[in-house]
Amino acid sequence: ETLHRRWLWDAGEMYDNSGNYFMTREEQISAHVERFIGIHKKYAEEGYIPKPNDIMMMTNASRNQGAFGLHFGAFVSTIMSQATPEQQMEWLIPAFQFKITGCLGQTELGHGSNVRGLQTTATYDKNAKEFVLNTPTLVSMKWWPGGMGKTATHCLVYANLIIEGKEYGFHVFMVQLRDEFHRPLAGVEPGEVGPKYGDNGTETGFLRLFEVRIPRTWMMMKNQQVLEDGTYVKPDKENKAQYGTMLSIRAGLVMGAGYRLAQGVTVAVRYSCVRHQGFIDTQAASSRANPENPVIHYQNQQYRLFKQLSLAYAFVFTGKCISEKFQKIMADLQDGQTKELPEMHATSAGLKALCTFEGAAGLEECRKCCGGHGVLLASGVSQMALDYTTYCTAEGDRIILELQSARYLMKMTEEARKGIEIFGMASYLNQISKSGKDDVDSLLHCHAGTADEFQSLEVLSHLFKNRALVWCIETAARLDELGKAGQSFDEAWNLCSVDLVKCSRVHCYHVILQNFVAAIDDIEDKDVKAVLTRLCVLFGLINIDED
């Protein structure tokens, strides 16, 4: 795995990156296209198919931000999860070989997280055997798709399917945006949304559609079909495969937070080792020749940077675990098994929210740890910190995602009260008494009494687990009280929303710690295991101290 990662990373060494921060925006986009394709096209032509976790490494290897990570991470992954074998044969090979490049058109100007509120329509014309796509209002135009602004030739558009006046909810349709000369097709109006706070190497776009016709077979039909006569065919069991792309992106963002934070920490730690500031002996006779301390010598610098280092490892390990779990769930979905999907949806939502927020905050802290040099774009970490901030909002606002996670936790808390066994990452809820009388005081008790005892991963795991349990118990109790007092469910939910967000966060920290510990258990090298154990303990203790 390490060799494979280095192979991907080394592929970018052929390019000179010294002028990256002196490029115009047009030059940045051009360089991203040239480098990303230049690095990987030759491998694609030889049959190399990137693994889900490779996409992020490919983007990092190109050394500049751009939209082609989304080409693989969103466009290609959606084809793989929602297209029939025949459709995959038509689009996947050209996509892997960069003969077509794509983006994902879900979010609209007026609707983001509320997917059921999407306004784009796809009306079936059974006489022509075509779908007619429209963005009928201003707020229905697609807004925010990365790559749509300039590079994408195709887009997977999320639209409400309409057959003979009846709506069937959102489905996914392949739409060609530009011709072989890269000019927009008739009825297709793509463009850029304009300069952004960061990540301007990615040309984020908008899309308006006016009576755009596509063949019937361009609807993703792996999980449902529209026959030539307009008959809508769907399996008896509700199919959740349309959520696969969203879950895949979230899993990638969790690991991406770790890798990007690791890059920032590497810059800041190296700087702190070579930068000297402050005399070793402040009481000695004053002389400018007196030796000075490296910045890493100071405890505050160590605390700030080692905290971010521990988070980077924690997020990478968690991202790998979530990605592996996602692959298993997608395989289960093909067999109609959806039992683990709600937990995956909830936990990935909470983890994406937490990891991207902490990753952005951590990168900014790394920048600050570089002093005045951190202001320079040439430091590498300043632009990185600015660009990564956009990921806090991409694929879902932090609070909205955390409330989604909390909704699942409250449902599981209620089931645990009824004596129903809870499986998976929320299994700690099984400690709730079946009688419904929750003994919070006993859960808060900790047997550790010395500093050494608090450095036990077992003790830290116990504390993290019970913290999550107590927050779920007390928040569920408050929801019940408000309901009994006459508040509607929505009113009670809003009045508890601060506590609900906290439930999501402490649950996610519990999940992160468990994944960190599990990764350490799998390490065979004793020296590496010892160092990462100390780092894991540091992660746990800092988290408790700052809570």
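**Helix pair.** I looked up how α8 (residues 341–369) packs on α10 (residues 398–417) in this predicted model: the angle is about 145° and the axes are 8 Å apart. Axes here are lines fitted to C-alpha atoms, for helices over the stretch in contact, and angles run from 0 to 180 degrees between N-to-C directions. Helices are DSSP runs of H or I with at least four residues, strands are runs of E with at least two, and both are numbered from the N terminus. I noted a left-handed crossing of α8 past α10 (near helix turned anticlockwise from the far one by less than a right angle).

Next I listed who touches whom, with contact meaning heavy atoms within 4.5 Å. On the α8 side I found, among them, P342, H345 and F357, and on the α10 side residues including R398, L401 and Y408.

**Housekeeping.** Residues are numbered from 1 along each chain as its sequence is written. Local features need pLDDT of at least 70, side-chain atom pairs count only at pLDDT 80 or more, totals for chains, interfaces and linings use all residues, and side-chain values use heavy atoms, without hydrogens and water.

**Open sheet.** I traced 3 strands in the order β4-β8-β7, paired antiparallel; pairing takes at least two DSSP bridges between two strands. β4 (142–146) and β7 (188–192) are at the edges with a single partner strand each, so one side of each has no neighbour in the sheet.

**Hairpin.** β5 (residues 154–163) and β6 (residues 166–176) run antiparallel over 9 bridges. I found V157 bridged to F173. With 2 residues between these strands, E164 has a positive phi near 50°.
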